[in-house]
Amino acid sequence: MESSAESMYREHIMDHFKNPRNYGHLTNASFKHKEFNPLCGDEITVEVKLNKDIIEDISFVGRGCSISQASASMFTEEIKGKTIQEVKLLDRDSVLGLLNIEITPVRLKCALLSLFAVKEGIKQWEGGK
Ligand code: ZN
């Protein structure tokens, strides 16, 4: 049987899945980046509006499983207001800590898709400066 803490986190994930935060498009994004997870069919496109090196606003659109979409919702909430340098320091454990449930290896790419999208977007934005 599931522990009550675990079912609480699962509910938290379902809440983000059903009512995603920061969902939609920005009118004046500094950069956007799309990532695809062929293992599960998940898609995430993040749009980032920078003010100097601060993430002033961020949004995402996507489709796929609850883990991928809830993770994007939580992760975009988490990094809004952070600097590019701070976001670069975030890793898989930062994202898994937000989700706070056990992620099987098969679902790992689902959970990390939004992290990859943001990091790759930053890399390309820096390369194109
Ligand atoms: Zn997935």
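**View 1. Surroundings of Gln-69 in the predicted model.** Gln-69 touches Phe-17, Glu-43, Ile-44, Phe-60, Gly-62, Arg-63 and Gly-64, not counting residues up to four places away in sequence; contact means heavy atoms within 4.5 Å. The residue lies in helix H2, residues 66-79. Helices (H or I, at least four residues) and strands (E, at least two) are DSSP runs, numbered from the N terminus. With a relative accessible area of 5%, Gln-69 is buried. Buried means under 20% relative accessible area, exposed over 50%, and partly exposed in between (1.4 Å probe, protein chains only). The side chains of Gln-69 and Ser-68 are joined by a polar contact of 3.1 Å. A polar contact is a pair of N or O atoms within 3.5 Å; within protein, one must be able to donate a hydrogen and the other to accept it, and residues adjacent in sequence count only if both atoms are side-chain atoms. The model is predicted: local features need pLDDT of at least 70, side-chain atom pairs count only at pLDDT 80 or more, and totals for chains, interfaces and linings use all residues. Residues are numbered from 1 along each chain as its sequence is written, and side-chain values use heavy atoms, with hydrogens and water left out.

**View 2. The zinc site.** Cys-40 (SG), Asp-42 (OD), Asp-42 (OD), Cys-65 (SG) and Cys-110 (SG) coordinate the zinc ion at 2.1 to 2.8 Å. Donors are N, O and S atoms within 2.8 Å of the metal (3.2 Å for Na, K and Ca); water is not among the atoms, so sites may look incomplete. Along the chain, the donors of the zinc ion follow the spacing C-x1-D-x22-C-x44-C. Asp-42 is buried, with a relative accessible area of 0%, whereas Cys-40 is partly exposed at 36%.

**View 3. The largest nonpolar core.** A nonpolar core is a set of buried Ala, Val, Leu, Ile, Met, Phe, Trp, Tyr and Cys residues joined through side-chain atoms within 4.5 Å. The largest one has 33 residues, of which Ile-67, Ile-79, Leu-99, Ile-103 and Val-118 touch the most other members. At least two residues of this core come from each of strand S2 (42-51), strand S3 (54-63), H2, helix H3 (84-88), helix H4 (92-99) and helix H5 (108-127). H5 gives the most, with nine residues. Leaving aside neighbours within four places in sequence, Leu-99 is in contact with Tyr-9, Ile-13, Ile-67, Ser-71, Met-74 and Ala-111.

**View 4. Two loop residues with positive phi.** Most residues other than glycine have a negative phi. Lys-52, although not a glycine, has a positive phi of about 55°. This lysine lies in the loop between S2 and S3 and is exposed, with a relative accessible area of 75%. Asn-100 is not a glycine either, and has a positive phi of about 60°. The loop that holds Asn-100 is the one between H4 and H5, and at 39% relative accessibility Asn-100 counts as partly exposed.

**View 5. The whole chain, for orientation.** The protein has five helices and three strands, in the order α-β-β-β-α-α-α-α from the N terminus on. Its C-alpha atoms fill a box of roughly 50 × 30 × 25 Å, taken along the principal axes. Of the 129 residues, 43% count as buried. Among contacts with a separation of 6 or more, 60% are between residues 24 or more positions apart.
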